[in-house]
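Please keep the sequence and the model side by side while reading.

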Amino acid sequence: MPSVAENLTANCCDEPPKRKLRLLCFHGFRTSGSILAKQIRKWDNSIVDLLDLTFLDAPFPCIGKSDVEGIFPPPYYEWFRFNVEFTEYYGMEECVEYISNYMDKHGPFDGFLGFSQGAILAAALTGLQQKRLALLHHPPLRFVIIISGALFRNEEMMKDCYSEQIKCPSIHFIGTNDWLKDYNKQVLKMFDNPLVIQHGGKHVVPRLGEDDVVTLRNFLLPLLEEASLILPVTKMALANKANILEALSQNEISVLT
């Protein structure tokens with residue numbers, strides 16, 4: 001017959017909670033995590049309910065005017081800075097370290113979601129992790145969502161991020177009137193078997209039509225089913241188990257018979 005301790009720890013830690021896919025979300029240039037959260041709220045609940053979304057602010061305060069001034073309130077942030085040709089990047093090492101430290105402390109995450117500058121970063125980090133050049137202490141990413149992305153153009157960065165095809169499952173949102181449309185298509189070539197959702201908008205986080213919702217759910221549901229089988233043991237779960245065992249040893253829990 002199981003002991004009281006075995007029953008309690010089994011009930012606390014062995015029955016997995018309802019699983020969602022954990023996504024670390026990277027906002028666009030000179031915006032913020034809270035702004036991206038508002039943009040994602042346009043998505044159908046049947047999608048959002050599958051996801052546990054963390055909206056991280058970039059490490060650098062905005063220098064210069066934001067395109068969303070008057071639409072969304074400040075503060076605004078930048079992931080990295082760059083020259084006019086988009087061939088030199090400033091603050092990248094600090095940015096990658098900042099994200100890596102956050103993931104080590106608050107992870108694990110199943111994947112990334114990125115928009116605009118955040119999408120550039122999400123694609124690049126996925127490639128860097130595959131080559132073991134970044135995120136070394138985090139489990140391999142299981143998927144990535146790229147909304148209006150592009151590639152780094154610096155020769156060294158291109159070699160580090162994209163010299164081998166990225167195997168991580170990916171879904172890409174491309175707007176027919178997005179000024180980054182052609183750059184979006186370049187990103188597709190870096191991924192193995194990418195899935196694409198086309199929309200008629202500009203450089204935006206798009207609303208999802210009925211067909212888009214079906215496509216995105218069909219992409220996410222197999223990943224969610226797989227994730228439910230490998231629910232990670234979080235630090236909180238381990239701490240709860242340790243606390244219960246300690247309480248039992250100190251007779252702080254009594255059992256009525």
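Asn-83 has a relative accessible area of 17% in this predicted model. Because the cut-off for a buried residue is under 20%, Asn-83 counts as buried. The residue is part of the loop that runs between strand E5 (81-82) and strand E6 (89-90). Its side chain comes to 3.1 Å from the backbone nitrogen of Glu-88. Leaving aside residues up to four places away in sequence, Asn-83 is in contact with Glu-88 and Tyr-90.

Ser-100 belongs to helix H4, which spans residues 92-106. The relative accessibility of Ser-100 is 16%, so this residue is also classed as buried. Along the chain, Ser-100 and Ala-134 are 34 residues apart, while 7.6 Å separates their C-alpha atoms.

Helix H7 shows how buried residues can be arranged around a helix axis. Within H7 (residues 181-188), the buried residues include Asn-184, Val-187 and Leu-188. These residues lie on the same side of H7, because the arc they cover around the axis is only 105°.

Key
Residues numbered from 1 in each chain as written. Predicted model: local features only at pLDDT ≥ 70, side-chain atom pairs only at ≥ 80, totals over all residues. Heavy atoms only, no water. Helix = DSSP H or I, 4+ residues; strand = E, 2+ residues; numbered from the N terminus. Buried < 20%, exposed > 50% of the residue type's maximum accessible area, 1.4 Å probe, protein only. Arc of directions from axis to C-beta. Polar contact = N/O pair within 3.5 Å; in protein donor to acceptor, adjacent residues only side chain to side chain. Contact = heavy atoms within 4.5 Å.
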